[in-house]
Amino acid sequence: MQLEVGSILEGKVTGVKKFGAFVALPEGKTGMVHISEVSNEFIQDLGTVLSEGQTVKVKVINIAPDGKIALSIKRTLPPPPRGERAGGGQKQGGGPRPKGPRGQRADTGRVWQPRVQAPQGDMSFEDMMARWKTRSEENNADLKRATEGRRGGYSRRR
């Protein structure tokens, strides 16, 4: 059987490393499944999911000119349910969130919400313009506050 991109085969795991697993294919060929192509869920340690000698179904996703064969296990699995992101986007387990590069929380969990607008009703043009001006000034103040905080504060030049 000729190996082609897109073909689905069965193979035997011959080695498990932290970056991926090597799989023996028919005709004596060997391919590699990168850790990101093993499952739709995040995998910290590949040894917990795969072991040497295990038979797996793989899909050929690339054959490089130098003969290296890239494989995927997750592309042979049914797609994750709609609404969930790859890597477990939905928070499960209630554990702590991952920290950013400097130890800060990676995400504050705050979500932008639009301001609720009052009903227009029987407003005159002048009233609508006054409301727009007020909202515009509030937005500018919010923007100024946000940008000055990033630059270390506003200081007058002398």
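**Fold, surface, pocket and charged pairs**

Reader: In which helix does M129 lie?

Author: This is a predicted model, in which local features need pLDDT of at least 70, side-chain atom pairs count only at pLDDT 80 or more, and totals for chains, interfaces and linings use all residues. Residues are numbered from 1 along each chain as its sequence is written, and side-chain values use heavy atoms, with hydrogens and water left out. Helices are DSSP runs of H or I with at least four residues, strands are runs of E with at least two, and both are numbered from the N terminus. By this numbering, M129 lies in helix α1.

Reader: What pattern does the protein follow along the sequence?

Author: The protein has 1 helix and 5 strands. Read along the sequence, the pattern is β-β-β-β-β-α.

Reader: Is M129 buried or exposed, or in between?

Author: Accessible areas come from the Shrake-Rupley method with a 1.4 Å probe, and only the protein chains shown count as cover. A residue is buried under 20% relative accessible area, exposed over 50%, and partly exposed in between. Because its relative accessible area is 39%, M129 is partly exposed.

Reader: What area does the nonpolar surface patch of F125, M128, M129 and W132 have?

Author: A patch is made of residues with over 30% relative accessible area and no salt bridge, like charges being joined within 9 Å and nonpolar side chains (Val, Leu, Ile, Met, Phe, Trp, Tyr) within 5 Å. The patch made by F125, M128, M129 and W132 covers about 450 Å².

Reader: Which element gives the most to the lining of the second largest pocket?

Author: On a 1 Å grid over the protein atoms alone, a pocket is an open set of points where a 1.4 Å probe fits, with protein on both sides within 12 Å along at least five of seven lines; its lining residues have an atom within 4 Å of a point. The lining here consists of M32, H34, E37, I61, N62, K68, I69, A70 and L71. Two or more of these residues come from each of β3 (30–34), β4 (55–63) and β5 (69–72). With 3 residues, the element that gives the most is β5.

Reader: How much space lies in the second largest pocket?

Author: A volume is the space filled by probe spheres set on the grid points, which are joined across faces, edges and corners. For the second largest pocket, this space is about 150 Å³.

Reader: How far apart are the closest N and O atoms of E37 and R75?

Author: A salt bridge is a side-chain nitrogen of Lys or Arg within 4 Å of a carboxyl oxygen of Asp or Glu. E37, in the loop between β3 and β4, and R75, in the loop between β5 and α1 (125–150), are 38 residues apart. E37 counts as buried because its relative accessibility is 12%, whereas R75 is partly exposed at 47%. The closest N and O atoms of their salt bridge are separated by 3.2 Å.

Reader: What separates R145 and D142 in helix α1?

Author: The side chains of R145 and D142 meet in a salt bridge, at 3.0 Å from N to O. R145 is exposed at 57% relative accessibility, and D142 is partly exposed at 31%. Because they are 3 residues apart in helix α1, R145 and D142 are separated by about one helical turn.

Conventions:
Buried means under 20% relative accessible area, exposed over 50%, partly exposed in between (1.4 Å probe, protein chains only).
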